[in-house]
Amino acid sequence: MQELIQTVLIYALPVLFAITVHEAAHGYAARYFGDHTASMLGRITLNPIKHIDPIGTILMPLLLYFSTSGAFLFGYAKPVPVNFGNLRHPKRDMVWVALAGPASNFIQAIVWAVLLVILVAAGVQERFFMEMARAGILVNLVMWAFNLFPLPPLDGGRILVGLLPTKHAITVSRIEPYGFFIVLGLVLLGIVGTYWLRPLMNVGYEVIDLLITPLLALLR
């Protein structure tokens, strides 16, 4: 129980930031491209309460943590409502709105990596803050990579629909009502983790290492 409490405390802030900024980014992008649905519903906010889904964000991850001894975690936030028909160029702008969420997570991963470098350079010995920074990198890279999986209703699926020719886009979009269950099945079978999540996260870590190398050189 003590280990669980420590894990929750370490991951709580990174997860809240990751979810909140991700969903708010979708709303900001949608408003920028002409859809004010999220804005009118008060969803363009950094208040995490507005984005937390009691089942998907809290109950499901906790149940999975206990039932699998921490080996498997899965969850989701309350999606920001977007009326793609209100976008100035629906098919094209859909790509940017969908991309905004994962992009915000990758930027956050970089920020946490910079914070970790600064903590190390400052000689901070407190394990809690070091672990929180590492958790921030991990959580955001997971969200970045997972949400880019090219199947609706994930962001990657919406990006794919926006990029495909109209005929093929319509075919792919029909998967959306069943997409969540398909993705969950692929996750449980280990397909998403093995063939998508880990390879993409490895690329993410390499890019972050490359980006923070000048900072490391500066602080030495």
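**Ground rules**

I am working with a predicted model, where local features need pLDDT of at least 70, side-chain atom pairs count only at pLDDT 80 or more, and totals for chains, interfaces and linings use all residues. Residues are numbered from 1 along each chain as its sequence is written, and side-chain values use heavy atoms, with hydrogens and water left out.

**Entry 1**

I started at glutamine 108, which lies in helix H4, residues 90–121. For helices I take DSSP runs of H or I with at least four residues, numbered from the N terminus. Is glutamine 108 buried or exposed? I found it buried, because its relative accessible area is 10%. My scale, with a 1.4 Å probe and protein chains only, is buried under 20%, exposed over 50% and partly exposed in between.

Next I asked which residues glutamine 108 touches. Not counting residues up to four places away in sequence, I listed Phe17, Ala18, Val21, His22 and Asn140; contact means heavy atoms within 4.5 Å. I also noted that a polar atom of the glutamine 108 side chain lies 3.5 Å from the backbone nitrogen of alanine 18. A polar contact is a pair of N or O atoms within 3.5 Å; within protein, one must be able to donate a hydrogen and the other to accept it, and residues adjacent in sequence count only if both atoms are side-chain atoms.

Asparagine 105 is in helix H4 too. I logged this residue as buried, because its relative accessibility is 0%. With neighbours within four places in sequence left aside, asparagine 105 is in contact with Ala18, His22, Asn140, Met143 and Trp144.

**Entry 2: the nonpolar cores**

I then looked up the largest nonpolar core and found 29 residues in it. Such a core is a set of buried Ala, Val, Leu, Ile, Met, Phe, Trp, Tyr and Cys residues joined through side-chain atoms within 4.5 Å. The residues with the most contacts inside this core are Ile137, Leu141, Trp144, Phe146, Phe149, Val183 and Ile208. Which helix gives the most to this core? The answer is H4, with nine residues. At least two core residues each come from H4, helix H5 (127–147), helix H8 (176–188) and helix H9 (191–219). Another core lies apart from this one; I counted 12 residues there, among them Phe84, Val97, Val161 and Val172.

I stopped at tryptophan 144 as well: not counting residues up to four places away in sequence, it touches Pro102, Asn105, Phe106, Leu200, Met201 and Gly204.

**Entry 3: aromatic pairs**

My search of the whole structure gave five aromatic pairs. Rings of Phe, Tyr and Trp (its six-membered ring) pair if their centres lie within 6.5 Å; planes under 30 degrees apart count as stacked, over 60 as edge-to-face and the rest as tilted. Phenylalanine 149 and tryptophan 196 have ring centres 5.5 Å apart and planes at 90°, so I called the pair edge-to-face. This pair links distant parts of the chain, 47 residues apart: phenylalanine 149 is in the loop between H5 and helix H6 (155–163), and tryptophan 196 is in helix H9. Phenylalanine 149 counts as buried at 13% relative accessibility, whereas tryptophan 196 counts as partly exposed at 25%.

Phenylalanine 180 and phenylalanine 181 also form an edge-to-face pair, 5.6 Å centre to centre with 80° between the planes. I have phenylalanine 180 as partly exposed at 28% relative accessibility, and phenylalanine 181 as exposed at 59%.

**Entry 4: helix against helix**

How do H4 and H9 meet? I noted that their axes come within 10 Å and cross at roughly 35°. Axes are lines fitted to C-alpha atoms, for helices over the stretch in contact, and angles run from 0 to 180 degrees between N-to-C directions. Among the residues making the contact are Phe106, Ala109 and Ile110 of H4 and Gly204, Val207 and Ile208 of H9.

For helix H1 (2–32) and H5, the axes come within 8 Å and cross at roughly 35°. Here I saw residues including Leu9, Tyr11, Ala18 and His22 in H1 meet residues including Arg127, Glu131, Asn140 and Met143 in H5.

Last, I checked H6, where Asp155, Gly156, Gly157, Ile159, Val161 and Gly162 are buried. The cover over these residues includes H1, H4, H5 and helix H7 (166–173).
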